[in-house]
Amino acid sequence: MTDQQLLWLLQLSDSNFPSGAFSHSFGFETYMYNEQICDAKTFREALVVYIQTQLTYTDGLACRIAYEQLEANSMEGLQRLNETLFALCLAKETREGTRMIGERLWKLCRHIYSVDELDEIVQTKQSIHPAIVFAAVGRKIEASKRTTVLTYLFTAVQTMVQNAVRGIPLGQTDGQKLLVMVQPYLIHAASIIEALDEEELGTAAVGLEIAQMQHERLPVRLFMS
Amino acid sequence: MSWTGRLQCTASFRNGRTVILDSYNEGALKLMRPVYLDPAHPTLYLVHVGGGYVDGDRYEINMKLEPHARLMMTTQAATKVYKTPHAPVWQYTQFSLGDESVLEYFPDPLIAYEQARFIQETVVYITNRSTFMYGEIITPGWAESGQLFRYDWIRSKLKVYQDEVLVLFDHLYLDSRQHLTSMLQLGGYTHVGSFVALSPFITKEVLEQFNQFMEEMPQEVRCGFSAAAVPGFSVRILAYETSVIEAIFQRVQQFIRQQCGEKAPVCWRKY
(Lines give C-alpha, C1' and ligand atoms only; values in the text may rest on other atoms or scores of the structure.)
Protein backbone atom coordinates (compact mmCIF):
# COMPACT_ATOMS: atom_id res chain seq x y z
CA MET A 1 0.00 0.00 0.00
CA THR A 2 1.30 3.43 -0.86
CA ASP A 3 1.37 6.32 1.62
CA GLN A 4 -1.28 8.05 -0.44
CA GLN A 5 -3.59 5.03 -0.32
CA LEU A 6 -3.14 4.74 3.42
CA LEU A 7 -4.13 8.37 3.90
CA TRP A 8 -7.19 8.00 1.68
CA LEU A 9 -8.34 4.96 3.65
CA LEU A 10 -7.68 6.62 7.01
CA GLN A 11 -9.86 9.52 6.00
CA LEU A 12 -12.63 7.26 4.70
CA SER A 13 -12.69 5.11 7.83
CA ASP A 14 -12.56 8.02 10.27
CA SER A 15 -15.52 7.86 12.63
CA ASN A 16 -16.06 11.59 11.98
CA PHE A 17 -16.46 11.02 8.25
CA PRO A 18 -19.89 12.59 7.75
CA SER A 19 -21.78 9.73 6.12
CA GLY A 20 -24.51 10.03 8.73
CA ALA A 21 -23.94 6.44 9.91
CA PHE A 22 -23.53 7.71 13.48
CA SER A 23 -27.28 8.43 13.58
CA HIS A 24 -28.18 4.77 13.05
CA SER A 25 -27.96 1.81 15.40
CA PHE A 26 -29.43 -0.68 12.85
CA GLY A 27 -31.60 -2.33 15.46
CA PHE A 28 -29.12 -2.32 18.33
CA GLU A 29 -31.02 0.43 20.12
CA THR A 30 -33.98 -1.92 20.56
CA TYR A 31 -31.72 -4.33 22.47
CA MET A 32 -30.43 -1.39 24.54
CA TYR A 33 -33.99 -0.30 25.27
CA ASN A 34 -34.88 -3.86 26.34
CA GLU A 35 -31.65 -3.95 28.39
CA GLN A 36 -30.46 -7.03 26.55
CA ILE A 37 -27.45 -4.94 25.59
CA CYS A 38 -26.49 -3.04 28.74
CA ASP A 39 -22.73 -3.21 29.21
CA ALA A 40 -19.45 -3.99 27.44
CA LYS A 41 -19.94 -7.75 27.80
CA THR A 42 -23.43 -7.98 26.33
CA PHE A 43 -22.52 -5.54 23.55
CA ARG A 44 -19.39 -7.48 22.73
CA GLU A 45 -21.33 -10.72 22.30
CA ALA A 46 -23.84 -9.06 20.02
CA LEU A 47 -21.14 -7.29 18.04
CA VAL A 48 -19.31 -10.55 17.30
CA VAL A 49 -22.49 -12.16 15.95
CA TYR A 50 -23.22 -8.97 14.01
CA ILE A 51 -19.83 -9.32 12.31
CA GLN A 52 -20.44 -13.01 11.62
CA THR A 53 -23.90 -12.48 10.14
CA GLN A 54 -25.01 -9.09 8.82
CA LEU A 55 -21.54 -7.70 8.11
CA THR A 56 -20.21 -10.87 6.50
CA TYR A 57 -23.19 -11.98 4.43
CA THR A 58 -24.69 -8.65 3.49
CA ASP A 59 -22.43 -5.60 3.76
CA GLY A 60 -19.06 -7.30 3.34
CA LEU A 61 -20.10 -9.69 0.58
CA ALA A 62 -21.91 -6.83 -1.19
CA CYS A 63 -18.72 -4.75 -1.11
CA ARG A 64 -16.73 -7.64 -2.61
CA ILE A 65 -19.27 -8.28 -5.36
CA ALA A 66 -19.48 -4.56 -6.17
CA TYR A 67 -15.70 -4.37 -6.40
CA GLU A 68 -15.67 -7.30 -8.82
CA GLN A 69 -18.42 -5.80 -10.93
CA LEU A 70 -16.60 -2.49 -11.10
CA GLU A 71 -13.51 -4.38 -12.23
CA ALA A 72 -15.57 -6.09 -14.91
CA ASN A 73 -17.23 -2.77 -15.71
CA SER A 74 -20.65 -4.38 -15.35
CA MET A 75 -23.16 -1.59 -14.79
CA GLU A 76 -25.99 -4.07 -15.15
CA GLY A 77 -24.53 -6.24 -12.41
CA LEU A 78 -24.13 -3.23 -10.13
CA GLN A 79 -27.72 -2.14 -10.75
CA ARG A 80 -28.95 -5.61 -9.89
CA LEU A 81 -26.79 -5.74 -6.75
CA ASN A 82 -28.06 -2.34 -5.63
CA GLU A 83 -31.67 -3.41 -6.19
CA THR A 84 -31.08 -6.66 -4.28
CA LEU A 85 -29.50 -4.89 -1.31
CA PHE A 86 -32.51 -2.60 -0.86
CA ALA A 87 -34.98 -5.45 -1.38
CA LEU A 88 -33.22 -7.28 1.45
CA CYS A 89 -34.06 -4.57 4.02
CA LEU A 90 -37.41 -5.68 5.38
CA ALA A 91 -37.38 -2.99 8.09
CA LYS A 92 -38.39 0.38 6.73
CA GLU A 93 -36.09 2.44 8.95
CA THR A 94 -33.09 0.35 8.00
CA ARG A 95 -33.98 0.68 4.33
CA GLU A 96 -34.38 4.45 4.61
CA GLY A 97 -31.28 4.80 6.79
CA THR A 98 -29.19 2.82 4.33
CA ARG A 99 -30.50 4.97 1.49
CA MET A 100 -29.59 8.19 3.33
CA ILE A 101 -26.11 7.00 4.25
CA GLY A 102 -25.52 5.75 0.72
CA GLU A 103 -26.55 9.06 -0.77
CA ARG A 104 -24.38 11.14 1.56
CA LEU A 105 -21.42 8.84 1.10
CA TRP A 106 -21.85 9.00 -2.66
CA LYS A 107 -22.03 12.82 -2.71
CA LEU A 108 -18.95 13.11 -0.50
CA CYS A 109 -16.94 10.54 -2.41
CA ARG A 110 -17.90 12.11 -5.69
CA HIS A 111 -16.22 15.33 -4.54
CA ILE A 112 -13.33 13.91 -2.59
CA TYR A 113 -12.33 10.90 -4.67
CA SER A 114 -13.93 11.91 -7.98
CA VAL A 115 -15.96 8.71 -8.01
CA ASP A 116 -18.34 9.15 -10.92
CA GLU A 117 -18.88 5.54 -11.99
CA LEU A 118 -22.10 5.32 -10.03
CA ASP A 119 -23.86 8.41 -11.38
CA GLU A 120 -26.01 6.37 -13.73
CA ILE A 121 -27.33 4.13 -10.95
CA VAL A 122 -28.05 7.04 -8.63
CA GLN A 123 -29.87 8.89 -11.39
CA THR A 124 -32.08 5.95 -12.37
CA LYS A 125 -32.60 4.38 -8.96
CA GLN A 126 -32.46 7.45 -6.70
CA SER A 127 -30.59 5.38 -4.16
CA ILE A 128 -27.27 3.68 -3.78
CA HIS A 129 -26.09 1.24 -1.15
CA PRO A 130 -23.05 2.40 0.89
CA ALA A 131 -21.20 -0.89 0.24
CA ILE A 132 -21.21 -0.11 -3.49
CA VAL A 133 -19.92 3.44 -2.96
CA PHE A 134 -17.19 2.05 -0.72
CA ALA A 135 -16.16 -0.47 -3.36
CA ALA A 136 -16.03 2.32 -5.95
CA VAL A 137 -13.70 4.36 -3.76
CA GLY A 138 -11.52 1.31 -3.17
CA ARG A 139 -11.25 0.81 -6.91
CA LYS A 140 -10.59 4.49 -7.51
CA ILE A 141 -7.62 4.66 -5.15
CA GLU A 142 -6.47 1.25 -6.38
CA ALA A 143 -6.70 -0.43 -3.00
CA SER A 144 -6.93 -4.21 -3.27
CA LYS A 145 -10.29 -5.94 -3.00
CA ARG A 146 -9.43 -7.43 0.37
CA THR A 147 -8.19 -4.12 1.77
CA THR A 148 -11.35 -2.39 0.56
CA VAL A 149 -13.61 -5.00 2.14
CA LEU A 150 -11.67 -5.04 5.41
CA THR A 151 -11.72 -1.24 5.61
CA TYR A 152 -15.47 -1.31 5.04
CA LEU A 153 -15.96 -3.89 7.80
CA PHE A 154 -13.81 -1.86 10.18
CA THR A 155 -15.67 1.34 9.38
CA ALA A 156 -19.03 -0.33 10.03
CA VAL A 157 -17.86 -1.82 13.34
CA GLN A 158 -16.28 1.43 14.43
CA THR A 159 -19.59 3.24 13.94
CA MET A 160 -21.41 0.57 15.94
CA VAL A 161 -18.87 0.89 18.76
CA GLN A 162 -19.08 4.69 18.81
CA ASN A 163 -22.85 4.42 18.94
CA ALA A 164 -22.64 1.93 21.80
CA VAL A 165 -20.34 4.30 23.70
CA ARG A 166 -23.04 6.97 23.42
CA GLY A 167 -26.08 4.72 23.66
CA ILE A 168 -25.40 2.17 26.42
CA PRO A 169 -23.23 4.14 27.47
CA LEU A 170 -19.73 2.68 27.61
CA GLY A 171 -16.43 4.32 28.51
CA GLN A 172 -14.26 5.56 25.64
CA THR A 173 -11.52 3.16 26.74
CA ASP A 174 -13.96 0.24 26.65
CA GLY A 175 -14.88 1.27 23.13
CA GLN A 176 -11.27 1.25 21.99
CA LYS A 177 -10.65 -2.10 23.68
CA LEU A 178 -13.60 -3.52 21.77
CA LEU A 179 -12.10 -2.34 18.50
CA VAL A 180 -8.94 -4.29 19.32
CA MET A 181 -10.95 -7.30 20.42
CA VAL A 182 -12.82 -7.50 17.10
CA GLN A 183 -9.66 -7.46 14.97
CA PRO A 184 -9.34 -11.24 14.57
CA TYR A 185 -13.08 -11.48 13.82
CA LEU A 186 -12.80 -8.84 11.12
CA ILE A 187 -9.78 -10.51 9.53
CA HIS A 188 -11.54 -13.85 9.64
CA ALA A 189 -14.68 -12.31 8.11
CA ALA A 190 -12.60 -10.83 5.27
CA SER A 191 -11.29 -14.32 4.48
CA ILE A 192 -14.75 -15.89 4.63
CA ILE A 193 -16.14 -13.19 2.34
CA GLU A 194 -13.48 -13.96 -0.27
CA ALA A 195 -14.77 -17.52 -0.54
CA LEU A 196 -18.53 -16.95 -0.30
CA ASP A 197 -20.88 -17.85 -3.10
CA GLU A 198 -22.92 -14.92 -4.41
CA GLU A 199 -26.03 -16.97 -3.69
CA GLU A 200 -25.32 -16.51 0.01
CA LEU A 201 -25.76 -12.75 -0.18
CA GLY A 202 -28.12 -11.25 2.33
CA THR A 203 -28.85 -13.99 4.85
CA ALA A 204 -30.68 -12.22 7.62
CA ALA A 205 -30.05 -12.37 11.35
CA VAL A 206 -33.68 -12.99 12.30
CA GLY A 207 -33.64 -11.49 15.78
CA LEU A 208 -31.78 -8.39 14.63
CA GLU A 209 -34.29 -7.91 11.85
CA ILE A 210 -37.15 -8.00 14.35
CA ALA A 211 -35.24 -5.49 16.50
CA GLN A 212 -34.91 -3.22 13.46
CA MET A 213 -38.66 -3.47 12.85
CA GLN A 214 -39.51 -2.87 16.51
CA HIS A 215 -37.28 0.20 16.60
CA GLU A 216 -39.95 2.15 14.69
CA ARG A 217 -42.18 1.97 17.73
CA LEU A 218 -39.72 2.55 20.59
CA PRO A 219 -41.01 5.31 22.84
CA VAL A 220 -37.56 6.86 23.40
CA ARG A 221 -34.96 6.93 20.65
CA LEU A 222 -31.45 8.25 20.34
CA PHE A 223 -30.96 6.86 16.85
CA MET A 224 -32.93 7.02 13.61
CA SER A 225 -32.87 3.26 13.13
CA MET B 1 -33.12 -32.90 -14.68
CA SER B 2 -35.19 -35.39 -12.75
CA TRP B 3 -37.77 -34.32 -10.22
CA THR B 4 -39.05 -36.06 -7.15
CA GLY B 5 -42.20 -34.07 -7.55
CA ARG B 6 -43.46 -31.46 -9.92
CA LEU B 7 -46.63 -29.49 -10.16
CA GLN B 8 -48.00 -26.77 -12.32
CA CYS B 9 -51.32 -25.15 -12.96
CA THR B 10 -53.06 -22.02 -14.15
CA ALA B 11 -55.95 -20.28 -12.44
CA SER B 12 -58.23 -18.43 -14.78
CA PHE B 13 -61.14 -16.08 -14.07
CA ARG B 14 -64.17 -16.97 -16.19
CA ASN B 15 -67.80 -15.93 -15.84
CA GLY B 16 -67.34 -14.54 -12.36
CA ARG B 17 -65.40 -17.41 -10.86
CA THR B 18 -61.89 -18.78 -10.72
CA VAL B 19 -61.27 -22.12 -12.39
CA ILE B 20 -58.17 -24.30 -12.50
CA LEU B 21 -56.82 -25.09 -15.94
CA ASP B 22 -53.85 -27.04 -17.28
CA SER B 23 -53.22 -28.78 -13.99
CA TYR B 24 -50.23 -31.05 -14.35
CA ASN B 25 -48.25 -33.08 -11.87
CA GLU B 26 -45.62 -35.75 -11.73
CA GLY B 27 -44.01 -37.76 -8.97
CA ALA B 28 -44.64 -37.11 -5.32
CA LEU B 29 -46.50 -33.80 -5.56
CA LYS B 30 -50.22 -33.69 -6.23
CA LEU B 31 -53.07 -31.24 -6.02
CA MET B 32 -56.31 -32.38 -4.50
CA ARG B 33 -59.49 -31.53 -6.35
CA PRO B 34 -60.13 -27.81 -5.77
CA VAL B 35 -62.46 -27.15 -2.85
CA TYR B 36 -64.80 -24.19 -3.14
CA LEU B 37 -64.90 -22.89 0.44
CA ASP B 38 -65.85 -19.65 -1.25
CA PRO B 39 -68.36 -20.33 -4.03
CA ALA B 40 -66.42 -18.22 -6.57
CA HIS B 41 -62.82 -19.05 -5.73
CA PRO B 42 -61.09 -22.37 -5.15
CA THR B 43 -58.85 -23.48 -2.33
CA LEU B 44 -56.08 -25.80 -3.39
CA TYR B 45 -54.54 -28.43 -1.14
CA LEU B 46 -51.06 -29.51 -2.00
CA VAL B 47 -50.31 -33.13 -1.19
CA HIS B 48 -47.02 -34.93 -0.81
CA VAL B 49 -47.73 -38.58 -1.44
CA GLY B 50 -44.62 -39.88 0.33
CA GLY B 51 -44.02 -39.58 4.05
CA GLY B 52 -41.73 -36.58 3.74
CA TYR B 53 -38.73 -35.10 1.98
CA VAL B 54 -35.56 -37.18 1.99
CA ASP B 55 -31.97 -37.00 0.78
CA GLY B 56 -31.52 -35.30 -2.57
CA ASP B 57 -35.22 -34.76 -3.30
CA ARG B 58 -36.07 -32.03 -5.79
CA TYR B 59 -39.44 -30.37 -6.11
CA GLU B 60 -40.86 -27.76 -8.38
CA ILE B 61 -44.15 -25.91 -8.15
CA ASN B 62 -45.24 -23.48 -10.80
CA MET B 63 -48.52 -21.61 -10.58
CA LYS B 64 -49.95 -18.91 -12.71
CA LEU B 65 -52.86 -16.68 -11.82
CA GLU B 66 -54.44 -14.91 -14.76
CA PRO B 67 -55.90 -11.42 -14.26
CA HIS B 68 -58.73 -11.33 -11.68
CA ALA B 69 -58.17 -14.97 -10.63
CA ARG B 70 -58.30 -15.51 -6.92
CA LEU B 71 -57.27 -18.54 -4.93
CA MET B 72 -56.07 -19.84 -1.63
CA MET B 73 -53.49 -22.54 -1.36
CA THR B 74 -52.22 -24.62 1.51
CA THR B 75 -50.76 -28.05 2.13
CA GLN B 76 -52.54 -31.09 3.43
CA ALA B 77 -49.98 -31.62 6.18
CA ALA B 78 -46.67 -30.30 7.48
CA THR B 79 -43.65 -30.55 5.20
CA LYS B 80 -41.21 -32.87 6.91
CA VAL B 81 -37.58 -32.88 5.91
CA TYR B 82 -35.61 -35.89 7.12
CA LYS B 83 -31.88 -36.35 7.19
CA THR B 84 -29.99 -35.62 4.00
CA PRO B 85 -26.62 -37.39 4.23
CA HIS B 86 -25.62 -36.81 0.60
CA ALA B 87 -27.51 -33.92 -0.90
CA PRO B 88 -29.84 -31.28 0.50
CA VAL B 89 -33.50 -31.24 -0.44
CA TRP B 90 -34.27 -28.52 -2.91
CA GLN B 91 -37.62 -26.91 -3.60
CA TYR B 92 -38.31 -24.28 -6.18
CA THR B 93 -41.66 -22.52 -6.27
CA GLN B 94 -42.81 -19.91 -8.73
CA PHE B 95 -45.99 -17.85 -8.69
CA SER B 96 -47.03 -15.41 -11.40
CA LEU B 97 -49.84 -13.09 -10.48
CA GLY B 98 -51.74 -11.16 -13.14
CA ASP B 99 -53.43 -7.80 -12.60
CA GLU B 100 -56.01 -7.82 -9.83
CA SER B 101 -55.41 -11.45 -9.01
CA VAL B 102 -55.18 -12.58 -5.40
CA LEU B 103 -53.10 -15.42 -4.02
CA GLU B 104 -53.17 -16.46 -0.38
CA TYR B 105 -50.57 -19.13 0.27
CA PHE B 106 -50.29 -20.61 3.74
CA PRO B 107 -48.49 -23.94 3.77
CA ASP B 108 -48.34 -25.98 6.95
CA PRO B 109 -45.11 -25.67 8.93
CA LEU B 110 -41.83 -26.91 7.63
CA ILE B 111 -40.37 -29.38 10.11
CA ALA B 112 -36.68 -30.07 9.74
CA TYR B 113 -35.45 -33.17 11.55
CA GLU B 114 -32.02 -34.28 12.65
CA GLN B 115 -29.30 -33.71 10.03
CA ALA B 116 -31.71 -32.21 7.54
CA ARG B 117 -30.49 -29.72 4.95
CA PHE B 118 -33.11 -27.88 3.00
CA ILE B 119 -33.05 -25.17 0.36
CA GLN B 120 -36.17 -23.51 -0.86
CA GLU B 121 -36.48 -20.67 -3.28
CA THR B 122 -39.82 -19.02 -3.88
CA VAL B 123 -40.03 -16.50 -6.69
CA VAL B 124 -43.14 -14.40 -7.09
CA TYR B 125 -44.03 -12.09 -9.94
CA ILE B 126 -46.66 -9.51 -9.10
CA THR B 127 -47.95 -6.35 -10.71
CA ASN B 128 -48.85 -3.17 -8.86
CA ARG B 129 -52.46 -4.35 -8.97
CA SER B 130 -52.17 -7.88 -7.64
CA THR B 131 -52.41 -9.10 -4.06
CA PHE B 132 -50.03 -11.63 -2.59
CA MET B 133 -50.16 -13.07 0.90
CA TYR B 134 -47.75 -15.68 2.16
CA GLY B 135 -47.13 -17.12 5.59
CA GLU B 136 -44.41 -19.61 6.40
CA ILE B 137 -43.45 -21.35 9.63
CA ILE B 138 -40.16 -23.13 10.23
CA THR B 139 -39.85 -25.48 13.18
CA PRO B 140 -37.21 -27.83 14.52
CA GLY B 141 -38.22 -31.47 14.49
CA TRP B 142 -38.08 -33.79 17.42
CA ALA B 143 -34.73 -35.57 17.85
CA GLU B 144 -34.06 -38.79 19.68
CA SER B 145 -31.61 -37.03 21.97
CA GLY B 146 -34.33 -34.60 22.97
CA GLN B 147 -32.15 -31.69 21.90
CA LEU B 148 -33.54 -28.94 19.76
CA PHE B 149 -32.08 -27.79 16.47
CA ARG B 150 -30.63 -31.04 15.30
CA TYR B 151 -31.19 -30.06 11.71
CA ASP B 152 -28.03 -28.97 9.91
CA TRP B 153 -29.38 -25.97 8.10
CA ILE B 154 -32.32 -24.45 6.27
CA ARG B 155 -32.02 -21.83 3.58
CA SER B 156 -35.20 -20.10 2.51
CA LYS B 157 -35.35 -17.37 -0.09
CA LEU B 158 -38.41 -15.41 -1.04
CA LYS B 159 -37.99 -13.04 -3.96
CA VAL B 160 -40.81 -10.83 -5.12
CA TYR B 161 -40.57 -8.97 -8.40
CA GLN B 162 -43.03 -6.24 -9.20
CA ASP B 163 -43.03 -5.38 -12.89
CA GLU B 164 -39.54 -6.91 -13.26
CA VAL B 165 -38.02 -5.02 -10.32
CA LEU B 166 -36.94 -6.99 -7.25
CA VAL B 167 -38.92 -5.28 -4.50
CA LEU B 168 -38.63 -7.75 -1.64
CA PHE B 169 -36.03 -10.38 -0.87
CA ASP B 170 -36.35 -12.31 2.35
CA HIS B 171 -33.34 -14.54 2.83
CA LEU B 172 -33.43 -16.76 5.90
CA TYR B 173 -30.59 -19.03 6.77
CA LEU B 174 -30.82 -21.05 9.94
CA ASP B 175 -27.70 -23.03 10.68
CA SER B 176 -27.71 -25.02 13.90
CA ARG B 177 -23.93 -24.97 14.01
CA GLN B 178 -23.68 -21.18 13.90
CA HIS B 179 -24.80 -18.95 16.79
CA LEU B 180 -28.46 -19.76 16.23
CA THR B 181 -29.29 -19.11 19.89
CA SER B 182 -27.77 -15.60 19.91
CA MET B 183 -30.26 -12.83 20.54
CA LEU B 184 -29.45 -11.53 17.06
CA GLN B 185 -30.79 -14.82 15.72
CA LEU B 186 -33.46 -16.90 17.49
CA GLY B 187 -32.48 -15.78 20.99
CA GLY B 188 -33.83 -18.85 22.77
CA TYR B 189 -36.94 -19.20 20.61
CA THR B 190 -37.45 -22.26 18.42
CA HIS B 191 -40.07 -21.40 15.80
CA VAL B 192 -39.79 -18.77 13.08
CA GLY B 193 -42.81 -17.31 11.35
CA SER B 194 -42.61 -15.03 8.32
CA PHE B 195 -45.57 -13.29 6.77
CA VAL B 196 -45.57 -11.11 3.69
CA ALA B 197 -48.53 -9.20 2.31
CA LEU B 198 -48.23 -7.04 -0.78
CA SER B 199 -51.31 -5.40 -2.17
CA PRO B 200 -52.53 -2.09 -3.59
CA PHE B 201 -55.20 -2.28 -0.86
CA ILE B 202 -52.57 -1.79 1.81
CA THR B 203 -52.49 1.99 1.69
CA LYS B 204 -50.85 4.32 4.19
CA GLU B 205 -54.12 4.53 6.13
CA VAL B 206 -54.43 0.75 6.24
CA LEU B 207 -50.85 0.53 7.51
CA GLU B 208 -51.70 2.91 10.34
CA GLN B 209 -54.68 0.75 11.29
CA PHE B 210 -52.43 -2.26 11.08
CA ASN B 211 -50.02 -0.68 13.58
CA GLN B 212 -52.85 -0.42 16.10
CA PHE B 213 -54.14 -3.86 15.22
CA MET B 214 -50.72 -5.36 16.01
CA GLU B 215 -50.44 -3.74 19.43
CA GLU B 216 -52.14 -6.70 21.05
CA MET B 217 -49.66 -9.48 20.80
CA PRO B 218 -49.26 -12.59 22.96
CA GLN B 219 -46.56 -12.24 25.61
CA GLU B 220 -44.72 -15.39 24.63
CA VAL B 221 -43.60 -14.22 21.18
CA ARG B 222 -41.16 -11.72 19.75
CA CYS B 223 -42.69 -10.02 16.78
CA GLY B 224 -41.68 -7.29 14.38
CA PHE B 225 -43.44 -5.82 11.37
CA SER B 226 -42.64 -3.09 8.92
CA ALA B 227 -43.85 -1.49 5.72
CA ALA B 228 -42.38 -2.85 2.49
CA ALA B 229 -40.89 -0.74 -0.30
CA VAL B 230 -44.13 -1.20 -2.27
CA PRO B 231 -47.64 -1.16 -0.72
CA GLY B 232 -47.59 -3.95 1.82
CA PHE B 233 -45.66 -5.17 4.82
CA SER B 234 -43.75 -8.05 6.30
CA VAL B 235 -44.08 -9.61 9.72
CA ARG B 236 -41.52 -11.75 11.50
CA ILE B 237 -42.34 -13.79 14.58
CA LEU B 238 -40.27 -15.85 16.98
CA ALA B 239 -42.16 -18.25 19.21
CA TYR B 240 -42.05 -21.57 21.05
CA GLU B 241 -44.88 -23.25 19.24
CA THR B 242 -46.57 -23.41 15.87
CA SER B 243 -50.11 -22.71 17.05
CA VAL B 244 -49.20 -19.27 18.42
CA ILE B 245 -47.75 -18.21 15.07
CA GLU B 246 -50.69 -19.68 13.18
CA ALA B 247 -53.09 -17.71 15.34
CA ILE B 248 -51.27 -14.46 14.55
CA PHE B 249 -51.14 -15.31 10.84
CA GLN B 250 -54.88 -15.91 10.83
CA ARG B 251 -55.57 -12.59 12.49
CA VAL B 252 -53.32 -10.75 10.03
CA GLN B 253 -54.81 -12.59 7.06
CA GLN B 254 -58.27 -11.68 8.31
CA PHE B 255 -57.27 -8.05 8.69
CA ILE B 256 -56.08 -7.87 5.08
CA ARG B 257 -59.12 -9.71 3.74
CA GLN B 258 -61.29 -7.08 5.36
CA GLN B 259 -59.29 -4.38 3.60
CA CYS B 260 -59.84 -6.19 0.31
CA GLY B 261 -63.57 -6.32 0.87
CA GLU B 262 -63.73 -9.99 1.86
CA LYS B 263 -65.63 -10.32 5.08
CA ALA B 264 -65.77 -14.07 5.52
CA PRO B 265 -63.14 -15.54 7.80
CA VAL B 266 -60.94 -18.26 6.42
CA CYS B 267 -61.40 -21.77 7.62
CA TRP B 268 -59.09 -24.21 5.94
CA ARG B 269 -61.11 -27.23 7.15
CA LYS B 270 -58.14 -29.48 7.41
CA TYR B 271 -58.71 -31.44 10.55
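In which handedness of crossing does H3(A) pass H4(A)? The crossing is left-handed, meaning that the near helix is turned anticlockwise from the far one by less than a right angle. The model is predicted: local features need pLDDT of at least 70, side-chain atom pairs count only at pLDDT 80 or more, and totals for chains, interfaces and linings use all residues. Residues are numbered from 1 along each chain as its sequence is written, with chains lettered from A and ligands numbered from 1 in the order in which they are written.

Helix H3 of chain A spans residues 40-71, and helix H4 of chain A spans residues 75-87. Helices are DSSP runs of H or I with at least four residues, strands are runs of E with at least two, and both are numbered from the N terminus. The axes of H3(A) and H4(A) come within 9 Å and cross at roughly 165°. Axes are lines fitted to C-alpha atoms, for helices over the stretch in contact, and angles run from 0 to 180 degrees between N-to-C directions. The two helices are therefore roughly antiparallel (angles over 145 degrees). H3(A) contributes Ala62(A), Ile65(A), Ala66(A) and Gln69(A) to the contact. H4(A) contributes Gly77(A), Leu78(A), Leu81(A) and Leu85(A). Residues are in contact if their C-beta atoms, placed from the backbone, lie within 7 Å.

Chain B has two helices and 18 strands. Its C-alpha atoms fill a box of roughly 55 × 45 × 40 Å along the principal axes.

The contact between the chains takes 28 residues from chain A and 27 residues from chain B. On the chain B side, E15(B) gives the most, with nine residues.

Methods. Contact = placed C-beta atoms within 7 Å. Parallel < 35°, antiparallel > 145°, perpendicular 65-115°, else oblique.
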